[in-house]
Amino acid sequence: MLSLLVFLLLARAAAAFHLHRPVLLHRGPARIAGGRASSALAVAATPGDNDEAVVAVKAADLDDALDLSPEERTVVNVHRACSPAVVYVTSVLTPAGTNEGGRSKRWRRRGSNGKDAERKDEESAKRGNMQKLPRGTALGSGSGFVVDSDGYIVTNYHVVQRAYETNQAVLRYERFWEGISKNATKRVKESLEPLGRDSTVLDAVEGFINGTVSAVSGRDSLGYNESSLLAQVFVRFGANGDGDASSASRYHPCEIVDVTKELDVAVLKLATTTSPSLRSLSFGSSSDLLVGQSLVAIGNPFGLDRTVTAGVVSALGRSVTGVAGNDIKNCIQTDASINPGNSGGPLLNKNGDVVGVNTAIVSTSGSSAGIGFAVPGDNVKESADSIIEMDKERRLRTANRKGRGWLGVNVAVTPLEDFFRKRLSAKNDADAVGAFVTSISADSPLLQSVDDSSAAPIDTTTITDGNIYLGDRIVNVGGNLVANGKAFIGEMKKRVEGEQLSLTVENAEGEKRVLYVELGKIPIPE
């Protein structure tokens, strides 16, 4: 009887616990501040159908409950804040004549099942995600991280190298035959026009030539063009920690915007506007790193999403031979575990800033031996910013919208700027502000505004044979004071082409003058 009574009491307690157990609903955005992550966990208790309670528990409180050491807390906070921006990158060589879902056009024509599959593939493409990769040959995989909320992702060039080279070969082949078609059409038209042929005949001749060239080249039968290439790149964001396990297997198509082979850097862009809510990482200064400083690496070794490892700066100033055959200077050596698949992932400081991009290891087994290398973040940022800026400008022009204004000057930034500033302060015995202009482009709008082409509107600061000549500084842009080169660059990013702008310029003697200029278009290389 006593046993039965105990059993009933335990059963009632278990039922009550089941009704009131907490359910994780959402993990909020995390940001490292004051040594702690500022995210919160929303926890709901559901005691009944009409009675709900929501309890907010800070992640930092959970860390306190676990009695984490300061070192552990730092790694946990960096991973919590930064891992959502890290992606798995992979590329696939698809057979000619297949759609994004990897099914051939012939297969899709078979019956209603094929139509249903085609419809599902189209709907999936519109949503910007795919549950499975298309059929084809794997070309390589690695890691990457979001650097811009518009969908730009940085990775290693060697992660997408085979896909990039394949598509470039396809484009060269396409343009070669397109050039032949245009030249042949032009020559035939020029020979027929003196004979008085009407436009109908000329159009028919042009169509015949284009069809013949397409048949000879095989472009139509291969089924690819500049908008549909053989090699496709995809990224996977991994599990979000929000209970949606399907997100771990969801792939998003990307395009390769551009690459910098000398730095082993590639910039991708999500090919859809319906991409998930993106969290981007910011760059820190790799030039300020010290040997022994703590680092955190996040990546996808062997395809394992968002794996975190920790270590220190083992050495600085290493040279690593890149895929272009050149030596990448000032690489960071770390003992944070880096394995195949980590390539392209971020190397972070304790504040969650990217200070390097993991690129190579030294190992006799192919796995981590405690010697890994990362391309310095300062160089990666400069390259990625330039690529992204040019791509955004192209997209604006394609949409017939005004892009960013262009002045056509280069200014000094740290550490060169600090050197110039010390020299000027020593000369004038005063604090020097403003942006030191180091060069002016030949087609700068500043030069267009000067009647005498031999007279430069701004005197540049130069170094010749070890001798420094201090020129002009831009101290005010459109009524806004400019403290240094970085502030000037930030100010110019706010300006649009065609804008009328006033510049206050000060020379080394402290004399000021005002220039007026109309900003031009950013030159875009072909």
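**Exercise 1.** Characterise the salt bridge between Arg473 and Glu506.

Step 1. The closest N and O atoms of Arg473 and Glu506 are 3.2 Å apart, where a salt bridge is a side-chain nitrogen of Lys or Arg within 4 Å of a carboxyl oxygen of Asp or Glu.
Step 2. Arg473 lies in strand E23 and Glu506 in strand E25 (residues 500-506), so the pair joins parts 33 residues apart in sequence. Strands (E, at least two residues) and helices (H or I, at least four) are DSSP runs, numbered from the N terminus.
Step 3. Arg473 has a relative accessible area of 3% and is buried; Glu506, at 14%, also counts as buried. Buried means under 20% relative accessible area, exposed over 50%, partly exposed in between (1.4 Å probe, protein chains only).

The model is predicted: local features need pLDDT of at least 70, side-chain atom pairs count only at pLDDT 80 or more, and totals for chains, interfaces and linings use all residues. Residues are numbered from 1 along each chain as its sequence is written, and side-chain values use heavy atoms, leaving out hydrogens and water.

**Exercise 2.** Determine which parts the salt bridge of Glu255 and Arg395 connects.

Step 1. The side chains of Glu255 and Arg395 meet at 3.1 Å, N to O.
Step 2. Glu255 belongs to strand E10 (residues 251-260) and Arg395 to helix H9 (residues 377-398), so parts 140 residues apart in sequence are tied together.
Step 3. Glu255 is partly exposed at 33% relative accessibility, and Arg395 is partly exposed at 33%.

**Exercise 3.** State how many salt bridges the whole structure holds.

Step 1. A search of the whole structure finds 14.
Step 2. Glu491, Lys494, Arg495 and Glu499 are linked in a network of salt bridges.
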